[in-house]
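Please read them with the structure open.

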Amino acid sequence: MSALREVLHRSNHDLGLRTGLRDGDPDVLTGFDLTEEEARALLAGDENALYRLLGDTKYFFIRENGNYDDDDGLTA
């Protein structure tokens, strides 16, 4: 598993990591063998860049400005 996939997988189960990513804290990525581009995309919450870096182009343009929020801007 690539380091990027490892971070994303672990963030599903590790609240501290997920919170650090959401807050843009670079310290949460210590110990992961990420490229600068991968770390930047994770800390920025840039979903488009993450999909591109993962090689998953199916959902590449789902959100113009990807983020970790659940709010998709739609109202009920």
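This is a predicted model: local features need pLDDT of at least 70, side-chain atom pairs count only at pLDDT 80 or more; totals for chains, interfaces and linings use all residues.

The points below go from the overall layout to the helices, the core and the charged pairs.

1. The protein chain has four helices and zero strands. From the N terminus, the order is α-α-α-α. Of the 76 residues in the chain, 30% are buried. Among contacts with a separation of 6 or more, 29% join residues 24 or more positions apart.

2. **The core.** The largest nonpolar core has 15 residues. Those with the most contacts inside it are Leu4, Val7, Leu21, Leu29, Leu34 and Leu42. H1, H2, H3 and H4 each give two or more residues to this core.

3. **Leu29.** Which residues does Leu29 contact, leaving aside its neighbours within four places in sequence? They are Val7, Leu21, Leu34, Ala39, Leu42 and Leu43.

4. **H1 against H2.** The axes of these two helices come within 8 Å. They cross at roughly 110°. H1 and H2 are therefore roughly perpendicular, since angles of 65 to 115 degrees fall in that class. On the H1 side, the meeting residues are Val7, Arg10 and Ser11. On the H2 side, they are Leu17, Arg18 and Leu21.

5. **Leu8.** Leu8 is found in H1, which spans residues 3-11. Is Leu8 buried or partly exposed? Leu8 has 22% relative accessibility, so it counts as partly exposed; the cut-off for buried is under 20%. Beyond its neighbours within four places in sequence, Leu8 is in contact with Leu42, Leu50 and Leu54. Its C-alpha atom is separated by 8.8 Å from that of Arg18, 10 residues apart along the chain.

6. Helix H2 covers residues 15-23. Its buried residues are Leu17, Gly20 and Leu21. They span an arc of only 100° around the axis, which puts them on the same side of H2. Leu15, Arg22 and Asp23 are exposed on the other side. The cover over the buried residues of H2 includes H1 and H3.

7. In H3, the buried residues are Glu38, Ala39, Ala41 and Leu42. Seen down the helix axis, they fall within an arc of 165°, so they line one face of H3. The face turned away carries the exposed residues Glu36, Arg40 and Ala44. H1, H2 and H4 are among the elements covering the buried residues of H3. Just after H3 comes Gly45, with a positive phi of about 70°.

8. **Salt bridges: the count.** How many salt bridges does a search of the whole structure find? There are three. Side chains of opposite charge can pair when their charged atoms come close.

9. **Arg10 and Glu6.** These side chains meet in a salt bridge at 3.5 Å, N to O. Arg10 and Glu6 are four residues apart in H1, so about one helical turn separates them. Arg10 is partly exposed at 38% relative accessibility. Glu6 is partly exposed too, at 31%. Arg10 is also one of the H1 residues that meet H2.

10. **Asp23 and Arg22.** The side chains of this pair meet in a salt bridge at 3.2 Å, N to O. Asp23 is exposed, with a relative accessible area of 51%. Arg22 is exposed as well, at 53%.

11. **Glu37 and Arg52.** In this salt bridge, the closest N and O atoms are 2.7 Å apart. Glu37 lies in H3 (residues 36-44) and Arg52 in H4 (residues 47-54), so the pair ties together parts that are 15 residues apart in sequence. Glu37 is partly exposed, with a relative accessible area of 33%. Arg52 counts as partly exposed at 41% relative accessibility.

Methods:
Residues are numbered from 1 along each chain as its sequence is written. Side-chain values use heavy atoms; hydrogens and water are left out. Buried means under 20% relative accessible area, exposed over 50%, partly exposed in between (1.4 Å probe, protein chains only). Contact means heavy atoms within 4.5 Å. A salt bridge is a side-chain nitrogen of Lys or Arg within 4 Å of a carboxyl oxygen of Asp or Glu. The arc is that of the directions from the helix axis to the C-beta atoms. A nonpolar core is a set of buried Ala, Val, Leu, Ile, Met, Phe, Trp, Tyr and Cys residues joined through side-chain atoms within 4.5 Å. Axes are lines fitted to C-alpha atoms, for helices over the stretch in contact, and angles run from 0 to 180 degrees between N-to-C directions. Angles under 35 degrees count as roughly parallel, over 145 as roughly antiparallel, 65 to 115 as roughly perpendicular and the rest as oblique.
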